[in-house]
Amino acid sequence: TITIGLDQIRFDICTDYVDAGIAAGSVVEIQIGSNATLGGAGTKRIVNANDTAVHDIVVQTRDNLTVKDQVTLQLDLIDARPVVDATVESYLSFAVVAINSGTAVAGITTDANSTATTIPFGIFDITGSNVNREVAQRLTVSTNGTGGYTVYINFNQITLTSTVGDDIDVAAGSNASPLAWAAPNNTGDQNGLIGYHTTDGTLGTGTTGRFSANDTYAAPHTADAEVAYNAAPASAENTDIVYRIEVTALQESGIYQDMTVDYIAVPIY
């Protein structure tokens, strides 16, 4: 029989063993509460005390009231629970990569080799008809930023200017609202146009899909504007930037230079 008190559990040997006893070397296993497997499991267990002191569990073997054997088990309860922690360092890798002439990008085929630091359009041979040339660069980003990353672009000046002060004007669209490419119309100074396109079809601000169509171009600008975005960590993610110039036969001859481009990659943690 089993008798359960406030702070004790008593097991009385069954009558089958009273006379015969338990043979030496025998193992008697007592399963308590939800640990029990024979005859069904219970629903409770011995619970820890509410303090952090040392507590005794006394196991006695008795013959009536005489203690024959006694073992004391001590439980040392502590409140200092181990804390598991780890630190993952943040990282950002950003590279500007050359795209060679003859590469198909966003519906065009590039006309000249770029490098990581140059966007060389080369010579425009004017023979009476408009001349289009496109050059592209690739932006490659890796980051473990929780919120991904954004790449911004800006230019040191808006128009591409010659050494004697003539300029190639800007395309009609903007980064916030890019437009399909329209040829220069030879009115005023609009004998040539320059613009750019990004292949990232889903940006993070404004009309996010504004560059999703291939034929969408923006004019250069001096303020930062978004050209690549991802809302999650990324590994070697590529975005191509296409630069386009179209000139008419009325575009003044000269060496057009001194425009520089800044790319700014910003991880979002």
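Which ring does the charged end of Arg133 sit over? Here are my notes, starting with that one.

1. The charged end of Arg133 sits over the ring of Phe124, 5.9 Å from its centre. To count, NZ of Lys or CZ of Arg must be within 6 Å of the ring centre and within 35 degrees of the ring normal.

2. A word on what you're looking at: this is a predicted model, where local features need pLDDT of at least 70 and side-chain atom pairs count only at pLDDT 80 or more, while totals for chains, interfaces and linings use all residues. Residues are numbered from 1 along each chain as its sequence is written, and side-chain values use heavy atoms, with hydrogens and water left out.

3. Now find Arg244, in strand S14 (residues 234-247); strands (E, at least two residues) are DSSP runs, numbered from the N terminus. Arg244 is buried, at 13% relative accessible area, because buried means under 20% (1.4 Å probe, protein chains only). Its side chain makes polar contacts with those of Asn132, at 2.9 Å, and Glu134, at 3.4 Å. A polar contact is a pair of N or O atoms within 3.5 Å; within protein, one must be able to donate a hydrogen and the other to accept it, and residues adjacent in sequence count only if both atoms are side-chain atoms. Arg244 also lies over the face of Tyr217, 5.4 Å from the ring centre.

4. Rings of Phe, Tyr and Trp (its six-membered ring) pair if their centres lie within 6.5 Å; planes under 30 degrees apart count as stacked, over 60 as edge-to-face and the rest as tilted. Both Trp181 and Tyr217 are buried.

5. The structure holds five aromatic pairs. Phe155 and Tyr196 make a tilted one, with 5.7 Å between centres and 35° between planes. Phe155 lies in strand S9 and Tyr196 in strand S12 (residues 192-198), so this pair ties together parts 41 residues apart in sequence. Ring pairs also bring Phe211 and Tyr243 into a cluster with Phe155 and Tyr196.

6. Last, the sheets. Seven strands form an open sheet with mixed pairing, in the order S5-S8-S14-S12-S11-S10-S15; two strands pair if DSSP finds at least two bridges between them. S5 and strand S8 (residues 131-143) run antiparallel, joined by seven bridges. Another open sheet has three strands, S13-S9-S16, paired antiparallel. Strands S13 (225-230) and S16 (261-267) are at its edges with a single partner strand each, so one side of each is left without a neighbour in the sheet.

How values were computed:
Helix = DSSP H or I, 4+ residues; strand = E, 2+ residues; numbered from the N terminus. Buried < 20%, exposed > 50% of the residue type's maximum accessible area, 1.4 Å probe, protein only.
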